[in-house]
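The sequence and model come before the details.

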Amino acid sequence: GHKVEILPIRVMHGKLPILGYRIGNMAWITDMLTMPDEEYDKLQGLDVLVMNALRPKPHNTHQSLDEALQNVNRLQPQETYFVHMSHNIGLHAEIGSQLPPHVQFAFDGQEILL
C-alpha cells in the first residue's frame, strides 16, 4: 500500500501546547500563535501549508494575518491556504486580492489535490 509519514509539530495556542501535523509534503497547522524554532526545520520543502490567520489585529492565542504571512515567508511552501479566519479578517475578495500569488484564503468545501 501507499505509506505517508505523519509527523507531529509542536505549536503554541497562546500558552497552551498543542499539535499541528506534517502529512507527507503538506502541513496542517490550524490553531497556533507561535511555533518553537526547532519545529520550523520539520516544515521545509512543503507543497501545501494549511495555516490559521485569524484577523488583522494581534490576538493572544491565534496568529494575525501579518504573523501568518511572516511564517509563510519563513517556511516558503509552494502553496498556502489560510483557515480559521474570523469575521474581522475583512472581505474575502478584497483582502484575498492583497495576498501573495501563492497564498489564498481557503473556503468551505474546497478540495486540494496533492
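Met51 stands opposite Phe82, a residue of strand 5. Strand 4 (residues 48–52) and strand 5 pair in the parallel sense over five bridges; strands count as paired if DSSP finds at least two bridges between them. Helices (H or I, at least four residues) and strands (E, at least two) are DSSP runs, numbered from the N terminus.

The model is predicted: local features need pLDDT of at least 70 and side-chain atom pairs count only at pLDDT 80 or more, while totals for chains, interfaces and linings use all residues. Residues are numbered from 1 along each chain as its sequence is written, and side-chain values use heavy atoms, with hydrogens and water left out.

On its other pairing, strand 5 is joined to strand 6 (residues 103–105) by three bridges, and the two run parallel. Here Tyr81 stands opposite Gln104 of strand 6. Four of the five residues of strand 5 (residues 79–83) are buried, so this strand is largely enclosed by the rest of the structure. Buried means under 20% relative accessible area, exposed over 50%, and partly exposed in between (1.4 Å probe, protein chains only).

The sheet as a whole is open and has six strands in the order 1-2-3-4-5-6, with mixed pairing. Strand 1 (6–13) and strand 6 are at the edges with a single partner strand each, so one side of each has no neighbour in the sheet. On average, neighbouring strands of this sheet are turned by 20° against each other, direction ignored. Axes are lines fitted to C-alpha atoms, for helices over the stretch in contact, and angles run from 0 to 180 degrees between N-to-C directions.

| Strand pair | Sense | Bridges |
|---|---|---|
| Strand 1 and strand 2 (residues 16–23) | antiparallel | eight bridges |
| Strand 4 and strand 5 | parallel | five bridges |
| Strand 5 and strand 6 | parallel | three bridges |

Helix 2 (residues 65–75) forms a right-handed β-α-β unit with strand 4 and strand 5. Right-handed means that, with the strands pointing away from the viewer, the path from the first strand over the helix to the second runs clockwise. Helix 2 lies across strand 4, strand 5 and strand 6, at about 155° to strand 4.

Ser64 is in the loop between strand 4 and helix 2. Its relative accessibility is 3%, so Ser64 counts as buried. Apart from neighbours within four places in sequence, Ser64 is in contact (heavy atoms within 4.5 Å) with Arg55, Pro56, Lys57 and Pro58.
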